[in-house]
Amino acid sequence: MKKEFYVYVAQTKKGLYEVSMPWVPSLAEPLRGPSAAQLKEELMFRLIELAHTSLPPFLLDRLIPPVAPYLNNIYVEIERQIEPDRPPVSLTAVIHVVAGSWGEEEEKRLWIPKAPQETLVLPTLDDLYATVNQWVRDYADEHMLDSLEPLQSMHHAYLDTITVDIGYPSLLDDEREGPPEKLSGRLTRPETLEQVATNLSHRAEDSTLSAAYGREKLVDELVDVFTSKRPMNVCLVGPSGVGKTAIVHEAARRAWAMNTAYQERKDIWQSAGDRIIAGMSIIGQWEMRTEAMCRELKERKDVLFVESLIGMLHAGKTTHGDSNVARFIEPYLEQDHFGIVTEATEETWTLARSMAPGFVDHFRRIQVPELGYKETLGVLSEFIRDIEAHHQVRYTADAMESVLHLSRRFFQNDAYPGKAVRLIKQCQYEALRYVNEFDWEYQTEVRVDTDLVARVVQRQTGLPLTILEPGKGRAPDEIRRQFESRVFGQPEAIEAVSALVATIEQGLSDPRKPLGSFLFIGPSGVGKTETAKAIATDLFGSVERMIRFDMSEFSSSMGISRLIGTSRDPDGELTTKVRLQPFCVLLFDEIEKAHPMVIDLLLQVLGDGRLTDAAGRNVDFRNAVIILTSNLGAGTEERWMGFSDTSTSDRRLHYLRAAETFFRPEIFNRIDTIIAYRPLDAEALRRIARRTLQGLLERRGLRQAQVMVDVDQALIDYLATRSVDKRYGARTLAHRIERTLITPLAEKLISQPVSQDVTRVVISPSDDGVQMDFIHLNKAPRPSEKVALAPAPKELAGVVTSLEKLQTKLLNTLKDARFSEISAQYETILDAINNEAKQGSVSAQLADQLTSREHVINQIERIEERLQGLHDPKNPGEFSVPTHSEETKSRLQGLSKMLRELEEASIWADVQLESLANSESGVTLVFQGLSGPAGEIMSKWHRWVEVIQEKFELNGSFAYLDRSTWQTSRPRDLARAHGFAFSSTAPGARAIAHSIGGFTWCPRPASIGHHALLHVGTTDEAHVSSEALRDALKANGTPHIGEDFIEFVESEGHLEDVRTGLRVPIPEDRGQNLNTFMTQILVPRLYLQDKNAHQVGGKD
């Protein structure tokens, strides 16, 4: 007996529903869950159980639904006394109320879903609002509510109907005696199916199934399968990503709509082999579950959708037996008890047929071909239209084109349209993440363009944007420089890999093959593996993307099983790693040691970029770079080892013949490029030694002990020329450095007294081997007098006092003999220039002298003018400041700021006066990175010096140190430079230089990075041009590093001035912020050096 019942359905929040029957006391408590359809079915089963087992026959009428019920949203406002001593508060809420009546009753009944078991009766609906308000007031008093939140129903809700076949429950009491009535078929809850499968009919009703576009014929064919009276078994066969699951979901949605229209019921359950046996650890447990699942499907006449055909054959299979899920399902298929729809690729279909031909023969094969480019474009258009209709996302036409291009090029293991649709979804999620993370008050939508698509693909693949975005490719020279910084002394290898990267970045690589295949051949320890690491870092962003196989481990024929797996363990080492990370560099090290059958395995990889594992799964190698390394030929030509003068062409020919002799032609001809590596020369070994030392000397023990190691260049030369075995190239260099430096250094550190200070260790060669000098660096001492300027005045009295002190200092400066002398010099030089001008030429030296003195005189006069501008016209000699009644915070701040500027200008004028009085000729500052990654702090100091030069008008010149060579051109990346110099002849430049000279110490926590040490040296001579500065540094060398103090400490985004105790946040690289920052650092130090400075009010 089928009957229609009303149910109350509410969506309390996104993805969460409540379903109940408020008029049935046993079903009034709401059921909660993510699927409204599933909750309604659960309510149906509870209703059936009530009718057949729980309710006495004379109470069955309680299940009869009210006549024509309807849902009301009622706004309620009441006043309630919450606290005795306070006035009543107003409480408001919107409450859902279901109104209806029983049969022909005249009274109306009200049910409130938020208050189960509550029923209100009223004669007519005219009293609806008053009755509900009174009930809410009584309910709040009874439950002592201070808010109506428990009754609040601001969410969407509606009344729905469910059709329930409740059968024919027993109406007589004597028929209820004995065991409970046994239900069957659709009257029973499918407990096993609910555990192992998802009901697609529920998802169809909830509108959460994915749609399939452009597959009408296949969808219609599958709908016939789902709605057929006779069970049918179908397998959709097609490549991964072709849309098989989407076709099943679309067909399930349409089948549900048809069944609903015809008032029929046939559910479709989605499961997988692994899900069926999940959690079954006891022998025989999963078999019992599979049997129970099949019985429920048989009784309900439902359809089972299994995600993988091969998964049913593997699920349950062990090393001790061949039993599997498919074997338990097969008898039910033979007797047409229920139907199964499943999926397979061409490879897994063939493998499944070979494993269980009888089981596979039960399925009718439906081929699902891959869509073409144009068809996929149509699918994407419909899919994007649907996304844009429901979300604040808009896709540009270029973005759609980029999705098609990038998915076709870099996701070749999947098929259209799946890979393009998946990328569209990921771009949508990324765009919505921007909407959710940022408060865009005026932005109603976010655009998905080619840049966003490229960033999404980059996060998945690790490929740089230079490859993914058109027009972003680097210049060949830039790529070459990148590899030259990693691979030393191998120009042929650098040229070959640079050409490969340039080809990939321009999108010109062959999409049917791996990105590239190389044979690196040559003696040991010359950089073959390092080249592979450099490619992985440059192409995929990390050295972790290099997958290395030592081929000496695969010298037997069993190595094939390790690489591609076996039938019982199909996850081979090679195929699994590439399947999990297809964007990688595959390094087959010492390929000549592998078994010939293992080498033959590479035929398919090098040729088509594909390999099939033992489970029949196709693994894509077309996004990988394949590198084979070999020492073939290295032992047959001893004269080519070490530093011989053998020509490059002869060496290449020798190794090429050795490779051609060893490899079969079909392998040899599939390798794109064969690179013969040179023996390392002395310069390459020096660079390797320098890099090896950097890695060894940044170990955790040295960082924790605050030990900074400086290695003399002569020691690097010593290690590069005397510590290398020509047979093994640079491979022994790290071992020699370990024995020569690290072990003696550890012994020396043990014997040194424990100190919290920074220890600088200078290591240099000596007659006895290696000399180590330990220097403890002390922090700069604090002066006896207070160096930091006084705080800014916070009241008028302080402003007046500071102005009076500044006025007194200015008067003393104007009376100072230095100022008088400079003024006289200015007039003398001016007369000399005028005389020279009459003769037709003016000395540049005299012009510079005149300009420097004029600048200082004008600066002092400007200070005087600004102070006079603050005088009261009515009271000469007194400053005009606002009275207490006129005083405001903003005016006081303005006066304090101006006062600070005047004080700074006064200090700088005194410094320049002293410089001119002493006839200082200028200064040169030399910045050197000594230990650790000092490039970062050095680049910061370079920017700060530029700011100092601009603010104090120093007009200097720069030179840069690249390893041991000084040059005038600024490097592209200052962080990679080894030092720089700045020289200026401006008055006061020497005082500034001496104020910042010394060590800058950059401590870092071990989890963040390495400590760094920078030294700032000075020489009291200046050079007008960068060329002259460079030549002087080349001739005289860098200043000697004496026992200077640590003057600055840079850490946690702050620069601490050790001498003054000031700790200032380092601002972003913006002119005004940096100007203020350097003023805060320099002015207190200049104040300390100013011999005639007087204590004045100012700001720290």
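**Close-up views of a predicted model**

The structure holds 63 salt bridges, a salt bridge being a side-chain nitrogen of Lys or Arg within 4 Å of a carboxyl oxygen of Asp or Glu. This is a predicted model, in which local features need pLDDT of at least 70 and side-chain atom pairs count only at pLDDT 80 or more, while totals for chains, interfaces and linings use all residues. Residues are numbered from 1 along each chain as its sequence is written, and side-chain values use heavy atoms, with hydrogens and water left out.

View 1. E1050 pairs with K940 in a salt bridge whose closest N and O atoms are 3.2 Å apart. Because E1050 lies in strand β35 (residues 1046-1051) and K940 in helix α35 (residues 935-951), the pair ties together parts 110 residues apart in sequence; helices (H or I, at least four residues) and strands (E, at least two) are DSSP runs, numbered from the N terminus. E1050 is buried at 3% relative accessibility, whereas K940 is partly exposed at 22%. Buried means under 20% relative accessible area, exposed over 50%, and partly exposed in between (1.4 Å probe, protein chains only). E1047 forms a salt bridge with R1059, with 2.6 Å between the closest N and O atoms. E1047 is in strand β35, and R1059 is in the loop between β36 (1054-1057) and β37 (1062-1065).

**View 2. The aromatic pair of Y213 and F383.** The ring centres of Y213 and F383 are 6.4 Å apart and the planes stand at 65°, so the pair is edge-to-face. Rings of Phe, Tyr and Trp (its six-membered ring) pair if their centres lie within 6.5 Å; planes under 30 degrees apart count as stacked, over 60 as edge-to-face and the rest as tilted. Y213 belongs to the loop between α4 (200-205) and α5 (216-227), and F383 to helix α13 (residues 373-390), 170 residues apart. Y213 is buried at 19% relative accessibility, and F383 is buried at 12%.

**View 3. Helix α8 and its surroundings.** Helix α8 (residues 285-300) has 16 residues and spans 23 Å from its first C-alpha to its last, close to the 22 Å expected at 1.5 Å a residue, where the expected span is 1.5 Å times one less than the number of residues. Its buried residues include W286, M293, C294 and L297. Among the elements covering the buried residues of α8 are α1 (36-54) and α10 (325-334), contact meaning heavy atoms within 4.5 Å. Just after α8, K301 takes a positive phi of about 60°. R300 takes part in a network of salt bridges with E41, R265, D267 and D302.
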